[in-house]
Amino acid sequence: MLSQKLQDAINEQINKELHSEYIYLSIAAYFMSRDLDGIANFFIVQTQEEHFHAMKLFNYLIDRGGTVVLKEIAAPPTSFNSALEAFEKTLEHEQFITKSINDLMDLAIKENDHSLVSFLKWYVDEQIEEEATASRLVNRLKITGDTGPGLLILDSELAKRTFTPPASEE
Ligand code: OFO
């Protein structure tokens, strides 16, 4: 049985993943308003990933006999000055989530919960990809600028992104 402390921390992480979904939906709206539908698609797919991250924790908590307690989701930022700023915010947010996952892992280790430690390894690995993708796109945006043709090339590239849940989770 999960300790109450761990249940609270998992519920907190579910909230953070749902907040991530909300942030990326807001960023998708920003790119849609600029008719950059390919970049918007990248963020819509990201919202699906974040929902998946939240539900994976949600299902784990239920499977361990815990109680899911959904909390209020904070409002996301709604205005962005440039494509670069939107991607910089994405990177910053992913760094925050990495820290949060690491804190949760520290707590699981401290509480000697081997099952949770094993379960959280997936998130630790996932965060490497989350940060690497955001960081690569920040660097690309620094090259393309906010209005150049490079932005349209990036838009076409990101239009191809699709959401594929990991095979074992489908
Ligand atoms: Fe759930 O990884 Fe992004 O936030």
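1. Glu85 has a relative accessible area of 19% and is therefore classed as buried in this predicted model, the cut-off for that class being under 20%. Its partner in a salt bridge is Lys89, with 3.8 Å between the closest N and O atoms, where the rule for a salt bridge asks for a distance within 4 Å. Both residues belong to helix H3, where they stand four residues apart, or about one turn of the helix. Lys89, at 33% relative accessibility, counts as partly exposed.

2. By the rule applied here, the structure contains seven salt bridges. One of them joins the side chains of Glu12 and Lys71, at 3.2 Å from N to O. This pair connects distant parts of the chain, since Glu12 sits in helix H1 and Lys71 in the loop between H2 and H3, 59 residues apart. Glu12 is partly exposed at 35% relative accessibility, and Lys71 is likewise partly exposed, at 41%.

3. A further salt bridge is formed by Arg161 and Glu49, whose closest N and O atoms are 3.3 Å apart. Because Arg161 lies in the segment after H5 while Glu49 lies in helix H2, this pair ties together parts that are 112 residues apart in sequence. Glu49 has a relative accessibility of 13% and so counts as buried.

4. In soluble globular proteins, nonpolar side chains tend to be buried together.

5. Which residues does Ile39 contact, once its neighbours within four places in sequence are left aside? They are Phe31, Phe87, Leu151, Asp155 and Leu158.

6. The search for aromatic pairs across the whole structure finds 13 of them. In one, the rings of Phe119 and Tyr123 have centres 5.6 Å apart and planes at 50 degrees, so the pair is described as tilted. The two residues are four apart in helix H4, which separates them by about one helical turn. Phe119 is buried, with a relative accessible area of 15%, and Tyr123 is also buried, with a relative accessible area of 1%. Elsewhere in the list of ring pairs, Tyr24, Tyr30, Phe31, Phe42, Phe43, Phe80 and Phe87 are linked into a cluster.

7. Lastly, the surface carries a nonpolar patch made of Tyr22, Leu25 and Ile73, which together have about 260 Å² of accessible area. Tyr22 is placed in helix H1, and it is partly exposed, with a relative accessible area of 40%.

Conventions: Residues are numbered from 1 along each chain as its sequence is written. This is a predicted model: local features need pLDDT of at least 70, side-chain atom pairs count only at pLDDT 80 or more; totals for chains, interfaces and linings use all residues. Side-chain values use heavy atoms; hydrogens and water are left out. Contact means heavy atoms within 4.5 Å. Patches are made of residues with over 30% relative accessible area and no salt bridge: like charges are joined within 9 Å, nonpolar side chains (Val, Leu, Ile, Met, Phe, Trp, Tyr) within 5 Å. Accessible areas come from the Shrake-Rupley method with a 1.4 Å probe; for residues, only the protein chains shown count as cover. Buried means under 20% relative accessible area, exposed over 50%, partly exposed in between (1.4 Å probe, protein chains only). Rings of Phe, Tyr and Trp (its six-membered ring) pair if their centres lie within 6.5 Å; planes under 30 degrees apart count as stacked, over 60 as edge-to-face and the rest as tilted.
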